[in-house]
Amino acid sequence: MKVERPPLLLLVHRIPYPPNKGDKVRSYRILRHLAERYRVFLATFVDHPDDWVHLPTVEGWCEGVCARPLLPRASRLASLRGLLTGEALTLPYYRDRTLAHWVNRVVRQHDIRHAVVFSGSMAQYLEGLPLTRRVVDFCDVDSEKWRQYAPTKPWPLNWLYAREGRRLLDFEADAALASDVSLFATCPEGALFQRRAPRAATRVAVMENGVDTTFFSPAAAGATPFLPGGPVLVFTGAMDYWPNVDAVCWFAHDILPRLRHTVPGVQLWIVGMNPSAEVRALVREGEVVVTGTVPDVRPYLGHADAVVAPMRIARGIQNKVLEAMAMGRPVVAHPACLQGLAARVGEDILAASGPDEFVAALLEALGPQGRAIGAAARARVAEGYDWAQQLTVLDRALGSGVGLGEVSL
């Protein structure tokens, strides 16, 4: 006898397909996992015009979908209402009356009792709903990002970012307290939230990121996209995301010239969508290449001589690092990118903080030891970062009567 799947509300701040950037990799995996077990009602935003074409694919996995346009410029203006209301600016940024009405209607119409929220800002849509199980996947402590941004910016942005860090933390704590389980992508991130929001500390659990080691495999690298020449370093990521922009600008200005004194032909390839003006300005013939959107990142990773992850501000496990390791490439990363990553520095991955350390680590990665580091990297992610294994945490978090001790830190 076939058992009918129960209904479930899924709230995601950005359409969870295609999985072409860090947060969408995780939200995509969550959606596909839940769709096998529940009748999913998805409420989400589409913040890039190219993503509308993927809506029918997402609708095929769900029983109901409400996808609302999110125009970044208009949403930034709307977010300023938070200065009048005293709330975090992130909340009005993701506030939509039509989406809220849809959520309230389907929850009551379909007697939905379980909800999963991806990204803490979407937890505002749970207020007043007759739910019996609420799980919020914060992934990272977003308020901490704003707190870290503040000292790097001039006035008045430093004041605005510091304010956002405080106000958003207040909301995150309230949302966690109103939920049954709050998920984070790493133990350090979960522990940080427990320190920042002690009143919700007992509700914290960890569900790490994973990687598809069949899809991201050296055997799936395909043909090289690079012309013959010197060694190639690759950075991947959404290139309108400020920590990524900061990372590649720092690398191109402060690290690459030093490395080229020793390895004259080395090139940096910056691979990812929406390169900002600052990133496009880095292009130098024979030295720095900016690709923009590519149909498949695997050839760039698989044929790179080394992959760099110089993000000085980073939270949680970086999908770009896991994917590069799965492709069997030696990775040189800033320590900020390694928080919570179960990898042996010096064996599975190389770490560097300053320009001279990066140069030394890259010389090691580009040398004979690089092949062994890449092989060890792939073995490490194949052993410990399987998505099916990680998503069992979500199953336990949603299980009625499951004790927090079974899923907590």
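A salt bridge is a side-chain nitrogen of Lys or Arg within 4 Å of a carboxyl oxygen of Asp or Glu. Arg344, Glu347, Asp348 and Arg380 are linked in a network of such bridges. The structure is a predicted model, in which local features need pLDDT of at least 70 and side-chain atom pairs count only at pLDDT 80 or more, while totals for chains, interfaces and linings use all residues. Residues are numbered from 1 along each chain as its sequence is written, and side-chain values use heavy atoms, with hydrogens and water left out.

Burial is stated by relative accessible area: buried is under 20%, exposed is over 50%, and partly exposed lies in between (1.4 Å probe, protein chains only). Asp348 is buried, at 0%. Arg344 is partly exposed, at 38%.

The structure holds 26 salt bridges. One of them pairs Glu4 with Arg39, with the closest N and O atoms 3.5 Å apart. This pair links distant parts of the chain, 35 residues apart: Glu4 sits in the segment before strand S1 (7-12), and Arg39 belongs to strand S2 (residues 39-46). Helices (H or I, at least four residues) and strands (E, at least two) are DSSP runs, numbered from the N terminus. Glu4 is exposed, with a relative accessible area of 61%. Arg39 is buried, at 16%.

Another salt bridge joins the side chains of Asp356 and Arg258 (2.8 Å, N to O). Asp356 lies in helix H14 (residues 355-366) and Arg258 in helix H10 (residues 242-262), so the bridge ties together parts that are 98 residues apart in sequence. Asp356 is exposed, at 56%. Arg258 is partly exposed, at 40%.

Nonpolar packing was examined next. A nonpolar core is a set of buried Ala, Val, Leu, Ile, Met, Phe, Trp, Tyr and Cys residues joined through side-chain atoms within 4.5 Å. The largest core has 66 residues, of which Leu233, Phe251, Ile270, Met325, Leu341 and Ile349 touch the most other members. Helix H10 gives the largest share of this core, 10 residues. Apart from it lies another core, of 40 residues, among them Leu70, Ala88, Leu192 and Val204.

Contact means heavy atoms within 4.5 Å. Leaving aside residues up to four places away in sequence, Met325 touches residues including Leu341, Ile349, Asp348 and Arg380. Asp348 and Arg380 both belong to the network described above.
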